[in-house]
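Dear colleague,

Please find below the structure that I am handing over to you, followed by an account of what was found in it. I would be grateful if you could read the account with the coordinates open.

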Amino acid sequence: MTYSNETSPSGELEHKLAIKAQRLDDAIEVASSSPSFSRLTKMPRLIESIRQVLMLEGGCAVVEARARSIEQTGIFEGSDWADPQILIPSLTRLSLRSPYSDTVVIEALSELRLLAVAKGGYEHPRMSAEQAHHYLAQVLAINLELLFGTPSEAEREQQGRLATISRAVIRHLANRIGYEHIIDRLIDEIWRIVNQRPIQVTDVRQMITQIAICRNNPDIDLGGSGQGADRLISSLFGPTQACREDPGVGVYLERIQAMDQAALQSEATGCARAMHDTGLVSPYHAALVQYLREQSPSLLSEALGLSSTGRDCLLCYQDLVHALIQQGIFPETCQGLYGLALMLERGIMYQPPVAPALWRQVQLPLSANARERIRLAFGDTPEPRAWLIQGVLSMLGQPLGVGQGNNPTCQSARALSMWAYNDPDYLLQMVAWAARDDEIIMHFEGEPVSSRNSASGVAAEITLDLDPVSLLVVPHLDRIYAEMGRMCIGREGDPHRWVNPEFHGWWSGRGFSINVDVATGNLLDLERFLQHFYITYHPYYNGNQPLIHPQPAGIAVTDSAARFIGWHALTILRVSLDQQDRMRVYFFNPNNDSGQNWGDDIVVSTSGNGERFGEASLPFEQFASRLYIFHFDPLERGNPDAVPAEDIARITDMVYRSWGADRVPAEGLQADSGPV
Amino acid sequence: MNSESKFNPEKGYVALLGWSLNAVEAAEKFDRRYVVVAPDWAEAYCEEHNIPYVPWNFERLNDRSVEIAQTLQEMGVDVAIPLFEETVEWAGAINSVLMDKPRLFGQAMLLRDKALMKRRAQLGGIRVGIFEEAHDKGDVIRFLKRVNQTLLKLDGDPNDPIHLKAFDKAGCLGHRVIRTPDEVDVIPEEEFPVLMESHLDGWEFAVEAWIHNGKVAFLNISEYVTLGYSVFVPATPDLEKYREQIKGEIEKLIKTFDIDFGFIHPEYFVTSDRTMYFGEVAYRPPGFKVFELLERAYGFNAYQALIMTFDPKTTEEEVKAFFPKEVEDAKGYAGCFGVYPRRRVVSKLEIPEETEDHDYFESHELTAPMEETVTKRTAFGTHWGLVYFFGDDPYRMRDLLKHQEELDFYV
C-alpha cells in the first residue's frame, strides 16, 4: 500500500492535491465558524489538513494562497507566532528540524504566511511587506542547506518524512523570492546589520557560516552571486595568510610560533583590519592576541588596530589590559577583542573610577545563579567569568551595540547602553551587584527599590539571546523599572515623567513633555509640544547648544504603511548637520536592528548619513513626527514662537497621516466626521 | 458574542444537561436561547467565555432535585436535553415539571435501567435475546451454563459467550464477554448487579433517530465494523437494505416507550435470517463521535437537530427543512477508528505511514503516551483516541477501518 509520488502521473497528483485542498478549506471553514471557546478543539484537524497539503508537491502554494484565512482562525494564538514581528529567524533552524509534526507544520505555515505578506497579497496588522521580506531572507539564509542536496542522515533519522515539508517550504520560499537574489540579498542584509556593530553577532556568524558552507559545496551553483561574502567569510574563518584555509586554532598556533617579528606584525595587522572592517572577530585573532601578550606585547596595539589614542591608553594601563585579555579572551569569547579595542579608543579608562572598577571586574566572583545563567546561554567553556569580561568589554566598547533580544525590555537595554556611553563606572557597579550579589538596589524619590523584593518585571521571562551583561543585569533592571512604575500608580499622567530620570540617571531632564493624553489616548497640544522640542534640541532654536547628555525619549513606532504599532523607548544622542547640511537627529534604538521603515517615506538610516556605528538617524522633522515623549531642563527656556509655523504644520501633517490618524481630539474633527 | 437578540423569540429556551463543548458550540451557533446546566467545575470556563450557565451537580436524584427544575422553570426554560447517560433521568424529572407531564419521569427511568428497558421492550412485542439480572458470581455461572445447555452444547464443546453489562452505564463501559466459569472470577464484586445477555451471532449496528411529534424525522444507521473499534456513516448498501424494516422497529420502540420528541440511540442485531433483535436504547447522543461523523457526512449539525427536536416550539416545517434526505444527500462516508495500543510497552505515537498517506485519512486526536506500560484491558475499556476518515466508497471505508486494527499506532 505504499504510495510513491514519482510513479504517479501528474494528473493523479493534481487530483490528490485538489482533494486535500478542499479538505483544508473545509477545516478552515469549521475552525473559523466556531465560537472562540471551542476554536481550540478544531485545531488538530486544521493542522493535520495543512500537513497533508504540504506533503504534496505544490502544497506550499495552496497554503500560501490561504494564509490569511488560516491565520484568522487563530491558529497562532497563544504562541510567539501570533506576533511575527518578534520572531527570530535563527529559531527556524530548530523548528523546521523538529521531530514533532505540529511544530514543523506551524513553522512552515508561519513562513508561508509571511511570504504572502512579503508578496503584498496579505496586509498583516503587525508586519509590513518589507519586514516580512527581511525576515524571510534571513530564514532562507539560515536554512540554506535545505535548498540543496538530499536530506542528511541526521535529518532523516530525526524527522522522517517531515523533512519533506521543511524542504518544500524553503524551496518554495526561494522560488518565490528568487534564487539568484538570495545570496546577494543575504550578504547585503548581513552587511547592513554588521554596519550597526551589534554586540550580539551569533545570528550573523551563523548566516555567514551557512554561506561559506554553500560556497564550498560543489553541488551548489551560485553563478556570479555571492562574491560580496569574501570579506565576511574571511573575517571569521581566515583573516590572514597563516589561516587563510581555516586550518584550526591548533595548527595556527604552531605556525605563528615559528614566525619572525615581521610575519607576526603582518598577522597582527591582518587580524585587526578584518575586525575593524566587519566588527566580527575570528577565533584565530583571539589565539594570536593571547600569544602576543606573552611573547611579543609590543605588537598588541597592532593586533587591536589602535590609533594613537588607543595605543596611549593601552600603554597607560598595560597590566590591566593584559589581565583583561588573559582572563577574558578565548577563541569562544573572541568578540571581546573588538570591544576592548573600541573601549581603549574611547579613552574612558582615564576617568578615575573606571580602571579600578575594571580590576574588580577581572577578579569578580560570580554567584551560583549568575554562573548558571551564563552556562545556559553560552555553554561550559570558557568559564562564566570570562564570558562576563567579554560582555563588559563589548558593552563599554560598543555602547550603541546593545540589543534587547527577543524581550520587551527596551527600557533596560536603553539604560545599559546609556550608562556604558555616559557613565561607565556606574555600569560596572551594576554588573558587580547583579553578578556577585544577585541584587540591585536603586532609589526612587529617596525610597530604595530592590530587584529582589520587586514582584515581577515588564517581561514575564527574559530570554537567553542576550549579551552576557544584559543576560545578568536586565532581569534586575526590568523588575526595578516595573516596580518604579507601580510606585507611580495613582499619579496623573504618564509615569515616565518620574521613572525615566530616577531610573536612567540625574542627567535625564526633569522637564517632561508628552503629546498624548494618557486617559484618552488622544493627541494633546501637538503644536506646543513640537515647538518645545525645537527650542530644546534644534541647534538653530536653542542657542546653538549641542546636546550634552544622552536623553531618553519615546516614539510611536509605525510600520511601512505608517500604521501605529506601539510605543518604544530610545535615546537621543545628538542633533547636528549631515554632509548635505540637513539637520538630523542621531539616536540609539535598543531594538536589535535599527534600520526600519516607518512609512510615509520615513526610513531610518543606519549608515551613510553621518551615523557613527550603532547610531540611527532621521531628518529632524521626520524624527519629530514620530516622537511622543521627550525630557528637557525646565530652567532652559527658549522662544517657542521663533519656530516657523510652516515647519510645525508639516510635522503635524505627518503625525495625522500616521500614528495620529485616529487620535485627533473631537474638536479637531469638524471638517471630517471620520469613521463612525 | 452572546447577545439575546440573536435568538429567535418564536423558538424555545433549552437547557443542556451536562457539559459537552460540541453541544455548547452548536447551541451558540443556533437560534435558540440556551443555558448549560453542569457541575461547578465548568463555572470558570463558562464565565470566561460568556456561556450562560447554571451550576448543578448530577449525583443521585434526591429530594433536592426539584430545586433545579424550579430554577429552570423560573428562568423560562421550555425543555431540558440530556447529553449523557447520567443526565437522562434528570432530564425526565425536570421535563415532567417543565411540561407538566409526570409520565416523562417514568419514561426516563425505564430508559436508564437496561433490565427494565428490555422487559418493557418485550412487553411491546419487540424481539430481545435471553437476559437476566445477576446479583453475584453464582448467578453468572448458572446463566452461562443454562444458555449453553439450551444451545444443546456438550461438555467440552466451546461455550457460546454471554455478555455482562452494567445496568446504567453508557455504551461499552462495564461491558464484559464471558466464555468460561473461570472468567467469572475476575469480575470485581462492586460491578454487581449486572445485566446478562446471551450472545447473538449477527450483525450489530446502531441507529440514531430524531423524533418529532411521535414520528421519525431523521433516521441514520451507523455501521460498526468492529464493536468498540470503529464505526462509519452512512452504512453500506448491505445494511441500508434493511432500512424499511429498521424504521418499522424504531416505530415500535417509539410506541412502546411512548416517546413523543427528542432523540433515541438504540442498538440492534440482525441475524442471518433477517430477524432483528433489540439490544438497548439510550435517550441521549451516542458516543464515538457519531454526531461529528454525521456532520461530516451530511453537513447538518446533529446537536442542533437534537435541540430542535426537543424544543416544544419547533414546527413541522422547520424539521422538514432542516434534515437532508437520508443516504442520498450524504456527501460521502465518514468513519472513525478507536486506537488501542497493541504492545505491552510503548514509547511514542507514530501514525502508520499507510494510514497517513491514505486518501481517506483526515485527522486524529491521538496524543503521545503518558506511560510506557499499557494497562491490560479488562472489559472493553477506553480507546486512546480516535482517527477520522472520509471518502466516497462505503466498502473501501469498511475495509480500511478493519485494516487499522492490524496496525500499531503506538510503538
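In this predicted model, six residues of domain 1 of chain A are in contact with four residues of domain 4 of chain A. Glu123(A), Ser128(A) and Glu130(A) provide 50% of the area that domain 1 of chain A buries against domain 4 of chain A, more than any other three residues. The total area buried between these two domains is about 450 Å², and carbon and sulfur atoms account for 40% of that area. The centres of domain 1 and domain 4 of chain A, taken over C-alpha atoms, are separated by 39 Å.

One salt bridge is counted between domain 1 and domain 4 of chain A. A salt bridge joins the side chains of Glu123(A) and Arg563(A), with an N to O distance of 3.1 Å. On the side of domain 1 of chain A that touches domain 4 of chain A, two residues are nonpolar, two are polar and two are charged. Between the two domains there are also two residue pairs in polar contact, both residues of each pair being at pLDDT 80 or more.

For orientation, the domain assignment of chain A places domain 1 at 10-177, domain 2 at 238-350, domain 3 at 352-487 and domain 4 at 511-669. Chain B is assigned domain 1 (4-100), domain 2 (131-198) and domain 3 (335-404). In chain B, the C-alpha centres of domain 1 and domain 2 lie 38 Å apart.

I turn next to the interface between the chains. Chain A contributes 19 residues to the contact and chain B contributes 22 residues. The two chains bury about 1900 Å² between them, with 47% of this area on carbon and sulfur atoms. Eight salt bridges are found across the interface of chain A and chain B. Arg161(A) forms a salt bridge with Glu356(B), in which the closest N and O atoms are 2.7 Å apart. Twelve residue pairs are in polar contact across the interface of chain A and chain B, with both residues at pLDDT 80 or more.

Three cavities of 30 Å³ or more are counted, and the largest cavity has a volume of about 70 Å³. Which residues line the largest cavity? From chain A, the lining comprises Lys20(A), Arg23(A), Arg45(A), Ser49(A) and Gln52(A). From chain B, Arg296(B), Phe361(B) and Glu362(B) complete the lining of the largest cavity.

With kind regards

Conventions: Residues numbered from 1 in each chain as written. Chains lettered and ligands numbered in written order. Heavy atoms only, no water. Domains from an automatic or database assignment. Contact = heavy atoms within 4.5 Å. Buried area = accessible area lost by both parts, 1.4 Å probe. Salt bridge = Lys/Arg side-chain N within 4 Å of Asp/Glu carboxyl O. Polar contact = N/O pair within 3.5 Å; in protein donor to acceptor, adjacent residues only side chain to side chain. Nonpolar A, V, L, I, M, F, W, Y, C, P; charged D, E, K, R; others polar. 1 Å grid on protein atoms, 1.4 Å probe; cavity = no way out; pocket = protein on both sides within 12 Å on 5 of 7 lines; lining within 4 Å. Points joined across faces, edges and corners; volume = space filled by probe spheres on them.
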